[in-house]
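Subject: Structure for your review

Dear colleague,

My notes on the salt bridges and on the chain interface follow it.

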Amino acid sequence: MKRDSFVERREPRWRRLEAALESLEQAGRARRRLRRARPAEPAAAREALERLPELYRGVCQDLALARRRLYDAALIERLNRLALAGHHRLYRARVGTRGRTVDFLLRAFPAAVRAEARLVALAHLFFYGPFAAFVAAAWLAPEWVAAVLSDEAMAAMESMYDPSAATFGRASESDVAMFGMYVMNNIGIAFRTFATGIVFGLGSVFFLVFNGVYIGAVFGHLTRFGYGGTLHSFVVGHGAFELTAIVLSGAAGLRLGLALLRPGARTRARALREDARGALVIVAGAGAMLLVAAFVEAFWSSSGFPPRTKYLAGALLWAGVYAWLLLAGRARAPR
Amino acid sequence: MKLDSLLLVEAPEGVELSLRPAGPVPRVLAYGFDLLLRSFAYGFAGIVAGFLGGVGVAFVLIAMFAGEWFYGVLFEQLADGRTPGKRLMGLRVVAENGTPPSWSASVLRNFLLCVDFLPPPFGAGWFACAGGRAFQRIGDHAAGTLVVHDPTPALVPGAPRPAAAAVPLPVPLERDEQRALRELFERSGSLSPARLQELTDLLAPLTGARGRDGLERALGMGADLAREG
């Protein structure tokens, strides 16, 4: 068949596909911008949707013929563009349903954490090991602590947790500001701890160890020199969420690195893609935990409740977080 | 050896769709524009927040956090794979098979920006782009995505130079060779005479002539192929 008669015969189909895609695009735009759809649009879009698969298949066939018969490049380009647009419209990724948040919190996230139990345990080690070492160093080897904490940092910490400070409760306005600060700072750290794990896990290890060292040094130093009362009651509440979330982010980063180091029987690219899914679930949950931690830290931890209450609440929170991660969603089948 | 940065993707319908991945330069420019836009937004938010005290501070900080980590994700998912910077440069994010990227792919590729950025500026990203076939940075490799030119740069064929006479092929040619000859004829209008001469001189073994004669014969063969289609 000559090129011109080919175009003549098939062009109506191409125009119909162009029109169908256009009306779907307009309907989508209407829905996204929440503007009221003009009267003809929904019906036109429905009709377009019904005809789309058939038109798209037809255009694919025409493109294959045009390539085969070596028609001119401009025609092939036009058909390619049209087919790509149809392909794009038809093959979208699956859209989530509404009840997913609850399922995520109660089943998917804890299950994902349990699925990576070994890496989670390793991440705990990378964080709490240095933490314990540097807490002990405050008594046994204070020069280590001095190496980590500069004099100004130490002084700043001490003044923050000074038990003789007159005003320990902040004004409520600055509580909100601190909430924002904690969100930006802590969640950013967690995401970076995860992302840098792709460098064969080294980034995550670095961040876990570094944070463990620093936090342990601060903890040990303040506890040794009499600021322990204020410090402990302040941090015990949000620590359950914050520290655990950092550890989990590190575990997710280790998962990425491990996919590159030991892909098993898969290519590294494929291993990365498959394992990243589970890792992202963990990171998302860690982010949610840090949001809660920011909330607790900003509004509860610095409040004027007596220490006993805070310790009790803290103990409950720690127990609760681990119970949730270890037990939630075990009996349920995935939705 | 293929010099073209064309990626052929096979659709389930059995047809090959061609994508044109974008190199690092347009992508960096798009990123720069997005960064500028975000900075203006933060500045504006800061001014507004100045009137709101503590709440304002929280607002700006959370806005900055959301902007730095989720700007790309939101635009890629809700605006057809294009952030404003990418829209300006005519780029779009797609999955490796040409479909729109999934949420987890968008999140992964955007979160890994902080890794691609090191050593600054975008050292690892440049390196990764240089390595593969499809200009994928580390985030793209992990998420299975590409950044493509969309719309593809338009072909401007111009009118083909009229050939003296259609010349039948002396020997049967491969499909690729036929296509090359035919495209030479179609694009002869947009090539400079010197360039055209240079190309047709390369075809001397086929046309059996060089110079003006060879050019006429080569174009004649191309015209013959074009006419036959």
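Which residues are linked in a network of salt bridges? In this predicted model, the network is made up of A:E116, A:R255, A:R266, A:R270, A:E274 and A:D275.

A second pair in chain A is A:D62 and A:R13, whose side chains meet in a salt bridge at 3.0 Å, N to O. A:D62 lies in helix α2 (residues 40–68) of chain A and A:R13 in helix α1 (residues 3–33) of chain A, so this pair ties together parts that are 49 residues apart in sequence. A:D62 is buried, its relative accessible area being 0%, whereas A:R13 is partly exposed at 23%.

A:R3 and A:D4 also form a salt bridge, with their closest N and O atoms 3.2 Å apart. Here A:R3 is partly exposed, with a relative accessible area of 23%, and A:D4 is exposed, at 54%. Over all chains, the search of the whole structure finds 28 salt bridges.

Turning to the interface, 55 residues of chain B are in contact with 50 residues of chain A. The area buried between the two chains is about 4400 Å², and carbon and sulfur atoms give 68% of this area. One salt bridge is found across the interface: A:R273 pairs with B:E96, the closest N and O atoms being 3.2 Å apart.

Several elements of chain B, including β2 (16–19), β3 (91–95), α4 (103–111) and α11 (211–228), each supply at least two residues of the side that touches chain A. The largest share of that side comes from α2(B), with 12 residues. By class, the side of chain B that touches chain A has 30 nonpolar, 13 polar and 12 charged residues.

Yours sincerely

Definitions and conventions
Residues numbered from 1 in each chain as written. Chains lettered and ligands numbered in written order. Predicted model: local features only at pLDDT ≥ 70, side-chain atom pairs only at ≥ 80, totals over all residues. Heavy atoms only, no water. Contact = heavy atoms within 4.5 Å. Buried area = accessible area lost by both parts, 1.4 Å probe. Salt bridge = Lys/Arg side-chain N within 4 Å of Asp/Glu carboxyl O. Helix = DSSP H or I, 4+ residues; strand = E, 2+ residues; numbered from the N terminus. Nonpolar A, V, L, I, M, F, W, Y, C, P; charged D, E, K, R; others polar. Buried < 20%, exposed > 50% of the residue type's maximum accessible area, 1.4 Å probe, protein only.
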